[in-house]
Amino acid sequence: MRLKVTHGLFIFLILAAAFMVSARELIDVDVWWHIVLGREMFASFSPPDFGHLYFGDINPNVNDLRYTWLGDVLLYLAYQWGSVPGLQLLRLACVLLSAFLVWDMMDRKFGAPQMTILLMLLLCTYQLQLVRNAIFSLPLIVALYWIWWRCFLKDERKNTSNLMWSIPLLLTCWSLIHGTYLVGCIVLLFLLLGETYAFLRNYPDLHSDSKSNHRKKKSKHAKTETLDSDQEIVVRRVPFDHLRQAYICLFLSFIGTTAYNGYSFNLLTAKFGNSWLVGAALVALALVISFHPKVGNRLVNYRRQFLLGYRAIISVTSVSFIYWLLRRSFENAHSTAQIDLRSVDMQPIRAGSGLLHGLKVTLNDMLFEQTDHFFVSTDFLSPWDHVGEIYIYVTFVLVAATLVGFAIRKPLPASLTFVFVPVVLLGFSYKRTVGYLGITCLVMLAVWLKNADLRRMRVYFRIFNSFIICALVAAISISPKTIGMWETHVFGLGKAPYFSNECADYVLKELKEDPLFTTISSGGYLLKHFYPNKRVFVDGFFAPHMGRSFATYRSALMERNPDILFETFEIEHALVSHRDVEWLTVFSASEHWYPLAVDEGMVLFSRCTELPVEFQVKMLLPGQVFDQVPSYFRTMLANRILEIPSILVTKGFPEHADRFMKENHVVIQRAKQYGDLNSVAQLAKNIDYANRRYQGKNSRQLKLEFQFQYARSTQDHVKASQYGIELWSHQKDIEMGSQLSQSCLDANRLDLAKLILLDIYSMRTEHPNDWDRYRPQTVSCWKQIAKHEELGGDYVSAYVALKQISLTNEHVLNGPQLVQKGLDFYSKLRESDETIEGWILLTEIHADYAQSPHVLHNLSAHIFEHHKELGFQLDLAADYGEQAVKLALLSGVTDMDLLYKNLADIYQEMGRFEQAQDCLESAIRSAPEARKPLYSGKQP
């Protein structure tokens, strides 16, 4: 009786845990697309017409359907039978079937270790339990291992070899359900390679007992020698027949998976060309030859030679692959790839460096080439970027446990050992194949634990199981988010609140004929909801959208410009899910897009160049909406509701925002209770700013201010300068001017930046406090202008910018420093023979510092050297030179000999020899000892 109670408790706990993990809200975006396609194909028994589903440019040849159509039909039938709960029951059935098969591989034992294996199965396959075609792969991969276990690994070998013929049927059906049938093919191939290795290595052990019995019988019944010899031959031939049967099943599986969909055929042709056909033909010929009676005996007799060659092939292949993997990893050690477009900042999320990073990228690139359509989903990334998700870290723990099992126990069956390595590579390469790695590890642990003596560890297993079950109960009842990181886990039947109907019904009623933009998150559900009355733009499945549609989608998002949708496809309405934060931001910040309606899960935007006075955002929500949605969803919903009036204010319509808030006062107040502090504070801040600056009235300037600030925050310098200049024409203040001048500089519009900075300088006396506050920013802008002009060789403009720095703040650049800097610029112009530019620069400096002897001296020397080119008389050069000498004597300039020498040369050229002689003598007297020899040849 106690045993029955224990068994009942075991079954109850497993069923309860499976229900807790699997009975969660439907949140996957792909399932709706599969349902629609399944309905189309089930009704017409032909491929669907994508023109009935999408209004944009589409790819009419979706090869994916050739290996997913049966899964689509099955999902449609499940939905047709039980709606969303039917899909959830389908998920539960797949999980329970997988758990039963794994339990059967443990000989259906009731105990703590077996419960641990089953609980780990529920957690490591969490991602595979998403309701889409891949959900059928969960029981199918487990069934493949189960069949192999029954045929090769089960201790009591009854006549189960005929069960092996179900493998081709299983893989063929799998190839019509989901593309991960390739994982099943890889698993079968390596299971067979491992079993072949075991056959060659361990064959004598397979009939050792028979030999022993044969000796005993021989001693008593000598006359039965021939019969015993025949029995020994039968014992030897049975394993080979079994192995040959497995190879035939593999070959039939290959034919079955390629006969219809051709995906494997095309993949092999792309990788190896048509040469692989020769290999397939040779394999078929080898299978035919294997039926000859002597083949098995020959293989047994020469098994050592075959084993030696087999090991050599394995070693060479392994070493070559490791070399290639390390070489590629070093090449990718500093690579950066893949941007998650669901992230607001859209920063690369595969950025990194080092050998481990290179290994991660290389493994991921083994499965997926980095093309644009993969950039929209983090699912195409390496699992190492998502270790925090429950099924990934549970799987990695299982990998570690399996390696420990290798170390402390006898080796597992060779077939399982062989399959472990490729499945580890798959699991470490691609986020969605991690579940298959977890299943493989659990199968190995189940086989390992089946005959192990774990009586001493039962207490530890029971403690661990109790912890897992308590954690599941606590996660579901207290904190639903903690159970799953990939998606928000909410226990219960039905779909997630993201998939709402009110806005969609409004679109069908009021905007049925207008093209509607949909996102990857919302498009699949809207496709199912609208079909066949209305088409959508894109949905969660990429295959039909290759080309202009997806390029437009990506460009609008990356450039943060939804007007691209209108310009390309004349789209004037967009229905966006609440979780599409990046798209909500794009539409909210756009100049021409306004929120039109909001419901439980989506926001409807409409494009218009000017908002009508009577415009009103439609709140398609009941007042008690927050009591009807899950707790995790309330904050998100509250934020979306609070963003509506906030958006209206930023678009220059505070009156409309005030009307919206008054008409929906109850919902707004509840939203403030559940919204996060930033959303509540932002709304209050926007309303306060509109009231303080514009008395709460609609204003184009208010809209420009917010657009200008948003463009600056997103570093869109061109738009920031455009909005800022328009705003500057209406109102000017020093704060905005300093920001606008920086934006103009960032947009490489230096002339506009200079004009704005000059305007700011002219306002310094009217607004002294603001001037003192923003003076450092002004100086910084002039420095950037000066640097830019200097690098561009425009030394005159560079000097003018430096002069503005000196005028703005003399502590940064005083007069003597400015003169020296200007003369340095003149020296560079002189070296490059820029005569006119040099003259302009000197006159500019002279206009500011007319009493500088150095400036006058350089003016005199420049005119003397280029008077013909400049069209000046030498009298002007002599005049500047005389002024330079007089001012230099008064200011105590040390290099007087240079000034005298320049003036002497001018007098000499003018024919005023006596004055030239006097200046030369003065140059000799005032010259320092180091320069006196320079005048030795010019003694009077």
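Of the 205 residues in the largest nonpolar core of this predicted model, Y145 and L604 touch the most other members, a nonpolar core being a set of buried Ala, Val, Leu, Ile, Met, Phe, Trp, Tyr and Cys residues joined through side-chain atoms within 4.5 Å, and buried meaning under 20% relative accessible area with a 1.4 Å probe and protein chains only. Helix 3, which spans residues 69–105, gives the most to this core, with 16 residues; helices are DSSP runs of H or I with at least four residues, numbered from the N terminus. Beyond its neighbours within four places in sequence, Y145 is in contact (heavy atoms within 4.5 Å) with M105, V187, L191, L416, V419, V423, I439, T440 and V443. A second, separate core of 71 residues includes A711, M896, A927 and Y935.

T808 lies in helix 34 (residues 795–808) and is buried, with a relative accessible area of 4%. When residues up to four places away in sequence are not counted, T808 touches Y761, W771, R775, T778, V779 and W782.

Helix 28 (residues 677–694) and helix 29 (residues 700–713) pack at an angle of about 135 degrees with their axes 11 Å apart, where axes are lines fitted to C-alpha atoms over the stretch in contact and angles run from 0 to 180 degrees between N-to-C directions. The contact is made by N686, Y689, A690, R693 and Y694 of helix 28 and by Q701, L702, E705 and F706 of helix 29.

Residues are numbered from 1 along each chain as its sequence is written. As the model is predicted, local features need pLDDT of at least 70 and side-chain atom pairs count only at pLDDT 80 or more, whereas totals for chains, interfaces and linings use all residues, and side-chain values use heavy atoms, with hydrogens and water left out.

Note on methods
Helices (H or I, at least four residues) and strands (E, at least two) are DSSP runs, numbered from the N terminus. Buried means under 20% relative accessible area, exposed over 50%, partly exposed in between (1.4 Å probe, protein chains only).
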